[in-house]
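User: I have a structure open and would like to go through its side-chain pairs and its packing. Could we take it step by step?

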Amino acid sequence: MPAERNLPTPEAEEIVGLARAVAQEQLAPRAAAAEEDAAFPRDVFRTLGGLGFLGMPYPEELGGSGQPYEVYLQALEEIAAAWASVGVGLSVHVMSCYPLAGFGTDEQRGRLLGEMLAGDLLGGYCLSEAEAGSDPAAMRTRAGRDGEGWRVSGSKAWVTHGGEADFYTLFARTSEERSRGISCFLVPGDAPGLTVGTPERKMGLTGSTTATLDYEDVALAADRLIGGEGEGLPIALRALDSGRLGIAAVATGLAQGSLDLAVSYASERETFGRPIIEHQGLGFLLADMAAAVESARAVTLEAARRRDRGLPFARQAAVAKLLATDAAMKVTTDAVQVLGGAGYTKEFPVERHMREAKVMQIFEGTNQIQRLVIARHLARRGGGGRRRG
């Protein structure tokens, strides 16, 4: 039961339709076995890259597909509905390309960006550290001048595609200034001195490799600095605004996939001589699930449309990430309830969906951090003082 969509152009309908077809025909049949084996599907990203999905929201002149975020997120949602690990990986890759696409020089983009957007190279995003997750300005990884280039030392935690990526967008401290002392670098995945820890053993998204990366005196050429020295934190935060929309779309897709399975099961399973969907208790539960999915989609696409129009969208991205991931947690949990004992087994994917939804409330900024972001935006808007009569 595909989601009902209101896409802006016939071309957009074709793109999202292609994403749905690839997801259902090629991804969904592989997902359960790959997640069970914790097998990273590198070939899937090459396939998606070849179809243009890894560069969707970037301009054609840079090597992308030139699609608005409104369309990209709906294609991403279709992919995540079939296989959440791939949806997360696509979102992280697109975010990893953002600093170079938005802040790199023409020479850097001309030399490096094409292979990234085509999917020939897969990206990772190195921002969080063990002691600097929600507070990136507290990071300790350092990059120091070494002649014309740089040398990097430190560790980055919770890196999606850690050990699998061909490049990493890295944020490291280049001075003691708290917020203006961080810079952005593009690091080759095979750089000497870069080592990968044992992948994390996670409760979900096991097909998406997550690991700690250790930078031990890693040498980088001068042209691996993206943007100006000390400009890394604003770049990181702007990338995260867009990345939060990606995770909101992934969460919405995951919730839609669980809703579809629950509706299908409830339409076929009978008790007391009729399908259980016709019993008010289950019917109302499914109705609430559908309302949650459509609400998550609506707030996510509203933020995307603001981004596409060049309007501020950081607050709306935080709202979307908060609501969509909370909705995914509720909908996937309720889907297990609809299926009853069958939902608690691995015969159906809803138990996996429930485990996958939990981390979406945590990464790309915990939902507590999203509330903090929203509150700060509200405080700035109300800074003019209380209006009177």
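User: Which glutamate meets lysine 346 in a salt bridge?
Analyst: In this predicted model, the side chain of lysine 346 forms a salt bridge with that of glutamate 36, at 3.5 Å from N to O. The two belong to distant parts of the chain, 310 residues apart: lysine 346 is in the loop between α8 and α9, and glutamate 36 is in helix α1.

User: Are those two buried or exposed?
Analyst: Lysine 346 and glutamate 36 are both exposed.

User: And what about glutamate 129 and lysine 156, buried or exposed?
Analyst: Both of these residues are buried. Their side chains meet in a salt bridge of 2.9 Å, N to O. Glutamate 129 sits in the loop between β1 and β2 and lysine 156 in strand β3, so the pair ties together parts 27 residues apart in sequence.

User: How many salt bridges are there in total?
Analyst: The count comes to 22. Those that share partners join Arg5, Arg20, Glu77, Glu78 and Arg297 into one network.

User: New topic: at what angle do helices α3 and α4 pack?
Analyst: The angle is about 150°, and the axes are 6 Å apart. Because angles over 145 degrees count as roughly antiparallel, α3 is described as roughly antiparallel to α4.

User: What sort of residues make that contact?
Analyst: Ten are nonpolar, two are polar and none is charged. Among them are Tyr72 and Leu76 of α3, and Val86 and Leu90 of α4.

Conventions
Residues are numbered from 1 along each chain as its sequence is written. This is a predicted model: local features need pLDDT of at least 70, side-chain atom pairs count only at pLDDT 80 or more; totals for chains, interfaces and linings use all residues. Side-chain values use heavy atoms; hydrogens and water are left out. Axes are lines fitted to C-alpha atoms, for helices over the stretch in contact, and angles run from 0 to 180 degrees between N-to-C directions. Helices (H or I, at least four residues) and strands (E, at least two) are DSSP runs, numbered from the N terminus. Angles under 35 degrees count as roughly parallel, over 145 as roughly antiparallel, 65 to 115 as roughly perpendicular and the rest as oblique. Contact means heavy atoms within 4.5 Å. Ala, Val, Leu, Ile, Met, Phe, Trp, Tyr, Cys and Pro count as nonpolar, Asp, Glu, Lys and Arg as charged, and the others, Gly among them, as polar. A salt bridge is a side-chain nitrogen of Lys or Arg within 4 Å of a carboxyl oxygen of Asp or Glu. Buried means under 20% relative accessible area, exposed over 50%, partly exposed in between (1.4 Å probe, protein chains only).
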